[in-house]
Amino acid sequence: KIYGHQIPNEDLVTLIKLYYSLVVQEDINIPVVGCAGRAFVILLGRQKVKKRITRDQLVLEWRPLYNICKEIYFGKDRVYNLKVGYSQLEGVIRNVVSSARDYFSDECTKEMLEEWEPLLCPPDT
């Protein structure tokens with residue numbers, strides 16, 4: 001509720017998508033990603049919102065978030081990234097992943113498995 005008034009679902013979904021797009025956008029300032037990520041987590045972290053917003057109303061793409069995680073945790077410039085503020089961003093991104101995973105599409109499970117299976121069983125590939 002804002003000032004005692006509940007935000008309509010359509011506006012809430014639009015706001016959530018806006019924050020998510022700021023988090024996953026490439027080449028954006030780390031403080032902006034951090035603020036947008038925290039706002040995203042606050043919006044989706046509330047139980048009342050989770051009950052109001054269904055996966056039919058809000059579907060988020062998993063791959064842009066995965067690419068950010070891959071860059072933060074396994075990127076070539078890992079040491080440099082830690083120096084310029086990525087270490088503070090890790091916790092925010094971890095919370096964004098935790099909040100967003102309920103809103104990934106059903107079809108993305110197959111995509112994720114295709115992406116990660118070779119990493120889980122290297123001798124089998």
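## Overall make-up

The protein, seen here as a predicted model, has seven helices and zero strands, and from the N terminus on its elements run α-α-α-α-α-α-α. Of its 125 residues, 30% count as buried. Among the contacts between residues at least 6 apart in sequence, 77% join residues at least 24 apart.

## Aromatic pairs

A search of the whole structure finds four aromatic pairs, and two of them are described here. Tyr-20 and Phe-40 form a tilted pair, with 5.6 Å from centre to centre and 40° between the planes. This pair links distant parts of the chain, since Tyr-20 belongs to helix H1 (residues 9-24) and Phe-40 to helix H2 (residues 30-45), 20 residues apart. Tyr-20 is buried, and Phe-40 is buried as well.

Trp-62 and Trp-116 form an edge-to-face pair, with their centres 5.8 Å apart and an angle of 75° between the planes. Here too the pair links distant parts of the chain: Trp-62 lies in the loop between helix H3 (47-52) and helix H4 (63-74), whereas Trp-116 lies in helix H7 (residues 108-120), 54 residues apart. Trp-62 counts as buried because its relative accessibility is 4%, while Trp-116, at 29% relative accessibility, counts as partly exposed. Together with Tyr-66, these two tryptophans, Trp-62 and Trp-116, form one aromatic cluster.

## Helices H4 and H7

How do the axes of H4 and H7 cross, and within what distance do they come? The two axes come within 13 Å and cross at roughly 30°. Because angles under 35 degrees count as roughly parallel, H4 and H7 are roughly parallel to each other.

The contact is made on the H4 side by Arg-63, Tyr-66 and Lys-70, and on the H7 side by Glu-115, Trp-116 and Leu-119.

The C-alpha atom of Asn-67 is separated by 9.7 Å from that of Glu-26, although the two residues are 41 residues apart along the chain.

## Ser-99 and its surroundings

Ser-99 is found in helix H6, which covers residues 86-100. With a relative accessibility of 7%, Ser-99 counts as buried. Leaving aside its neighbours within four places in sequence, Ser-99 is in contact with Phe-40, Val-41 and Leu-44. One of these partners, Phe-40, is the residue of helix H2 that forms the tilted aromatic pair with Tyr-20.

## Cysteines

How many disulfides does the model contain? With a disulfide taken as a pair of cysteine sulfur atoms within 2.5 Å, the count comes to zero. Cys-35 is partly exposed, with a relative accessible area of 47%, whereas Cys-69 is buried, with a relative accessible area of 16%. The reason for these two labels lies in the cut-offs, because buried means under 20% relative accessible area and exposed means over 50%, with partly exposed in between.

Definitions and conventions:
Residues are numbered from 1 along each chain as its sequence is written. This is a predicted model: local features need pLDDT of at least 70, side-chain atom pairs count only at pLDDT 80 or more; totals for chains, interfaces and linings use all residues. Side-chain values use heavy atoms; hydrogens and water are left out. Rings of Phe, Tyr and Trp (its six-membered ring) pair if their centres lie within 6.5 Å; planes under 30 degrees apart count as stacked, over 60 as edge-to-face and the rest as tilted. Helices (H or I, at least four residues) and strands (E, at least two) are DSSP runs, numbered from the N terminus. Buried means under 20% relative accessible area, exposed over 50%, partly exposed in between (1.4 Å probe, protein chains only). Axes are lines fitted to C-alpha atoms, for helices over the stretch in contact, and angles run from 0 to 180 degrees between N-to-C directions. Angles under 35 degrees count as roughly parallel, over 145 as roughly antiparallel, 65 to 115 as roughly perpendicular and the rest as oblique. Contact means heavy atoms within 4.5 Å.
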